[in-house]
Amino acid sequence: MASVELKNIGKSFGKVEAVRDVTLTIADRELVVFVGPSGCGKSTLLRMIAGLEDISTGELRIGGKAMNKVPAADRGVAMVFQSYALYPHMTVAENMGFALKMIGVGKAEIEAKVRAAAAVLRLEGLLDRKPRQLSGGQRQRVAIGRAITRSPDVFLFDEPLSNLDADLRAQMRVEIARLRAALKTTMIYVTHDQVEAMTLADRIVILNNGAVEQEGPPLELYERPANRFVAGFLGQPKMNLLPATAVAAGSGLAFRLTPDGPAIAARPASAGLSPGDTVELGIRPDAFTLTESGGLNASIVLVERLGGSSLVHARVDGLSNLVTVELPGTYQGTPQTTIRLGVAADRIHVFGGDGRSL
């Protein structure tokens with residue numbers, strides 16, 4: 001078990017900066033998830049920690065020891081890839097114990113480690129099977145078991161569930177959470193799936209264009225995004241981002257979506273703004289409420305009935321883009337129905353012209 005420290009880590013491919021000045025400390029036994037859009041640098045960063053990519057700038061330390069020049073095999077890490085990469089001619093037990101065999105570990109010790117890993121992953125009855133006889137979820141558990149047998153200080157997961165269907169992904173999220181509780185080992189997990197990030201992480205690191213946009217506990221990032229990118233990226237369904245103009249309201253400011261629309265209050269107060277300034281208001285779909293009077297006048301375009309909830313896509317008077325509203329699954333509205341939308345001032349996010357949260 002070990003902490004992982006990244007100090008001003010960078011990676012360049014020629015003139016292209018894939019990772020820029022990343023500084024993070026991942027505590028012993030912490031599970032940190034790197035998340036972001038395709039091409040943001042999250043897998044490159046993970047591969048630098050694993051030793052599969054050279055570090056262009058900065059310093060990497062694992063367990064307090066400098067690792068920049070240490071070969072991958074000697075870093076005390078084990079990596080689980082998107083591809084299972086199992087040997088088709090070997091049994092489950094042989095696949096799980098192969099890395100140990102290659103470094104000269106004795107047969108008895110290999111068997112003991114394989115059986116211990118199989119017990120953690122509930123693979124005991126599958127040890128004599130070949131990969132072709134397994135489901136996708138079972139194959140991924142074997143790949144994880146292969147990492148466990150090496151008794152690493154740090155586990156690295158590179159989008160391990162992306163090849164699975166939706167049901168298996170949900171099952172494997174539970175398996176990984178259970179595995180983490182059993183092993184009590186430092187884990188770094190890369191995904192583009194924000195559901196995985198929100199449900200698994202002690203801390204999320206959101207990357208964009210090779211740099212860290214924000215890092216922190218999942219709910220902190222959800223409720224207090226540092227900027228427009230984080231606000232729009234995290235959350236499903238996505239936050240509504242609506243252009244607005246600051247207007248004078250008593251001793252403070254309010255915001256109008258359209259010149260003739262109602263003034264919308266937002267808390268906390270938006271420091272540094274003046275009447276006439278252009279901003280964006282961020283409103284999560286579940287922040288809207290239906291109201292009898294006041295609020296925003298809107299017309300329903302589409303209702304997605306999801307069972308436990310309904311997503312209402314509506315056009316607010318004077319706006320070209322639709323807003324998404326999350327309502328109970330029992331909601332009976334239909335297209336072209338007129339509704340009024342209210343939202344509490346403390347559920348509104350305000351983003352300035354530079355995209356930063358105000």
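This report describes sheets, helix packing, salt bridges and selected residues in a predicted model.

## Basis of the description

Residues are numbered from 1 along each chain as its sequence is written, and side-chain values rest on heavy atoms, with hydrogens and water left out.

Helices (H or I, at least four residues) and strands (E, at least two) are DSSP runs, numbered from the N terminus. Two strands are taken to pair if DSSP finds at least two bridges between them.

Four strands, in the order S2-S1-S4-S5, make up an open sheet with antiparallel pairing. Strand S2 (16–26) and strand S5 (65–66) are at the edges and have a single partner strand each, so one side of each is left without a neighbour in the sheet. Within this sheet, strand S1 (residues 4–13) is joined to strand S4 (residues 57–62) by five bridges in the antiparallel sense. Valine 4 has isoleucine 62 as its bridge partner in S4.

Helix H1 (residues 42–50) lies across S1, S2 and S4 and runs at about 115° to S1. For such angles, axes are lines fitted to C-alpha atoms, for helices over the stretch in contact, and the angles run from 0 to 180 degrees between N-to-C directions. Contact here means heavy atoms within 4.5 Å.

The loop between S4 and S5 contains glycine 64. This glycine 64 counts as partly exposed at 32% relative accessibility; the classes are buried (under 20% relative accessible area), exposed (over 50%) and partly exposed (in between), with a 1.4 Å probe and protein chains only. A C-alpha separation of 8.0 Å is found between glycine 64 and alanine 2, which are 62 residues apart along the chain.

S6 pairs with strand S7 (residues 154–158) in the parallel sense over four bridges. The bridge partner of valine 77 in S7 is valine 154.

## The sheet S12-S11-S13-S19

A further open sheet has four strands in the order S12-S11-S13-S19, with antiparallel pairing. Strand S12 (252–256) and strand S19 (348–351) are the edge strands, each pairing on one side only. From one strand to the next, the twist averages 45°.

Four bridges link strand S13 (residues 278–283) and S19 in the antiparallel sense. Glutamate 280 has phenylalanine 351 as its bridge partner in S19.

## Packing of helices H2 and H4

Two packed helices are described by the angle between their axes and the distance between the axes. For helix H2 (residues 92–102) and helix H4 (residues 136–148), the angle is about 35° and the axes are 7 Å apart. Val92, Asn95 and Met96 of H2 make the contact with Val142, Gly145 and Arg146 of H4.

These contact residues divide into three nonpolar, two polar and one charged. In this scheme Ala, Val, Leu, Ile, Met, Phe, Trp, Tyr, Cys and Pro count as nonpolar, Asp, Glu, Lys and Arg as charged, and the others, Gly among them, as polar.

## Salt bridges

The whole structure holds 13 salt bridges, each defined as a side-chain nitrogen of Lys or Arg within 4 Å of a carboxyl oxygen of Asp or Glu. Arginine 47 forms one with glutamate 53, with the closest N and O atoms 3.6 Å apart. Lys11, Arg47 and Glu53 are linked in a salt-bridge network, and arginine 47 is partly exposed at a relative accessible area of 28%. Another salt bridge joins the side chains of glutamate 59 and arginine 61 (2.9 Å, N to O). Glutamate 59 is partly exposed at 27%, and arginine 61 is also partly exposed, at 23%.

Glutamate 175 and arginine 122 form a salt bridge in which the closest N and O atoms are 2.4 Å apart. Glutamate 175 is in helix H5 (residues 166–183) and arginine 122 is in the loop between helix H3 (107–121) and H4, so the pair ties together parts that are 53 residues apart in sequence. Glutamate 175 counts as buried at 13% relative accessibility, whereas arginine 122 is partly exposed at 47%.

How values were computed
This is a predicted model: local features need pLDDT of at least 70, side-chain atom pairs count only at pLDDT 80 or more; totals for chains, interfaces and linings use all residues.
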